[in-house]
Amino acid sequence: MVQGVFRDIIGHEKQKALISAFLETERIPHAFLFSGQDGIGKKTFAISIARKILCQTNEDCGFCKSCMKVKRSTHPDLFVIDKAYMEWALDIQGKKGLKEGIDRTKEISSISIDFIRGNEEKKIKGINEEVIRPPHEGKKRIIIIDNVENMTNDAANAFLKTLEEPPDYNLFFLVTSRENEVPATIKSRCVRILFNPVPQELLKKYFINTWGIEEKRADLISWISQGSIGCGMFWLEDRNLEIRRLLGELVLGKKRSFVLITLVSEYISKGIRDCSIFISFLLSLFRDMYMIKEIGMNYDVINRDFVELIEDSVYDSEWIEQSIKKIQETARIIKYNINRWLMIENLLYNIMR
Ligand SMILES: [Zn+2]
């Protein structure tokens, strides 16, 4: 196993250097905002820093008691608010019989004031009550809030005071992929660090070296992941890649089957994250069609395995434009819609050749 700080972070060299420099000074800012596209490793990066700070050797050794606790998500001085924590909180409520009538997807799509102030009845620990206590084991407490843009207005307001003047043993990492939705009052209290997509060549090497993927497949996955490790891990699953193929063939008219559309739609609409990755794929496919047919170049194509099929298909730019609009519209409203299956099915009927 490779040891040392940032051992599990692919790319982001500038950010590593910046944070390392901050950590070496005594005056580390108390709050950072990690901003950048979904799935490129921002939260993993924050956890990596937390491991270093909490590690008994201060090196993220990976073996000490502290490192093991972080690994098992049981370290009392690392407080992470993310989808997993919110799911856990919901399950606890379920056990206490409070879950009735709760829409799970909706519940975890926003960070409510309960997570800031705490809610004893729901067994939720609040950030505000946590940060006033000194750390339990080490010198620092690290608080990571993923998708910080999902805070409700109430929550953001209640959090602001804490973020403004926290006791100095607290260190905040706020993570976002939609920075424009983060309230300016919160942003202005953080040091902002921008994360770029991981370069394609680096992703390819990662899939080959870390996951033992053969070169041709690693090449394709590194292109279609568009700089996102999270997306890459998604496409590493055979089934997802198969469905992507079917989806592309349906859209391009190579396959025509109502049953297939229904089955594919059902698969895609299982989870909100899966859904958004497949929708991004559709957008990138139409972008590729445009590049190949309208501009006549294919060196910048994302979906390299579809080039031949695109070249063999007959379509016009009006259809591309209309379809892109329909896909974008679906992407915009799907997170508020409970019936994703029907929406995706509708979309496919609308954009198929
Ligand atoms: Zn350690």
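Trainee: Which domains does the assignment give for the protein chain?
Mentor: This is a predicted model. The domain assignment gives domain 1, residues 13-194, and domain 2, residues 237-351.

Trainee: How far apart do the C-alpha centres of the two lie?
Mentor: The C-alpha centres of domain 1 and domain 2 are 35 Å apart.

Trainee: Turning to the sheet, what is the order of the strands?
Mentor: The order is β2-β3-β4-β1-β5, in an open sheet of 5 strands with parallel pairing. From one strand to the next, the twist averages 15°.

Trainee: Which strands stand at the edges?
Mentor: Those are β2 (78-81) and β5 (191-194). Each has a single partner strand, so one side of each is without a neighbour in the sheet.

Trainee: What holds paired strands together in general?
Mentor: Strands of a sheet pair through backbone hydrogen bonds, either parallel or antiparallel.

Trainee: Over how many bridges do β3 and β4 pair?
Mentor: Strand β3 (residues 141-145) pairs with strand β4 (residues 170-176) over 5 bridges, in the parallel sense. Arginine 141 stands opposite asparagine 170 in β4.

Trainee: Which strands does helix α2 lie across?
Mentor: Helix α2 (residues 42-54) lies across β1 (31-35), β2, β3 and β4. Helix α2 runs at about 175° to β3.

Trainee: A change of topic: how many residues has helix α13, and what does it reach from first C-alpha to last?
Mentor: Helix α13 (residues 238-251) has 14 residues and reaches 20 Å, close to the 20 Å expected at 1.5 Å a residue.

Trainee: Which residues in α13 are buried?
Mentor: The buried residues in α13 are Arg244, Leu247, Gly248, Leu250 and Val251. They are on the same side of α13, because they cover an arc of only 160° around the axis.

Trainee: And what do the buried residues of α13 pack against?
Mentor: They pack against α14 (258-268), α15 (272-295) and α18 (340-351). On the face turned away from the buried side, α13 carries the exposed residues Asp238, Arg239 and Glu242.

Trainee: What follows α13?
Mentor: Glycine 253 follows, and its phi is positive, near 80°.

Trainee: Lastly, where is asparagine 209, and is that residue buried or exposed?
Mentor: Asparagine 209 is in helix α10 (residues 200-211). Asparagine 209 is exposed, because 10 other C-beta atoms lie within 10 Å, and a residue with 12 or fewer counts as exposed.

Trainee: By what distance are the C-alpha atoms of asparagine 209 and tyrosine 349 separated?
Mentor: They are separated by 41 Å, and the two residues are 140 residues apart along the chain.

Key. Residues numbered from 1 in each chain as written. Predicted model: local features only at pLDDT ≥ 70, side-chain atom pairs only at ≥ 80, totals over all residues. Helix = DSSP H or I, 4+ residues; strand = E, 2+ residues; numbered from the N terminus. Buried ≥ 20, exposed ≤ 12 C-beta atoms within 10 Å, placed from the backbone. Pairing = 2+ DSSP bridges. Axes fitted to C-alpha atoms, helices over the stretch in contact; angles between N-to-C directions. Contact = placed C-beta atoms within 7 Å. Domains from an automatic or database assignment. Expected span 1.5 Å × (residues − 1). Arc of directions from axis to C-beta.
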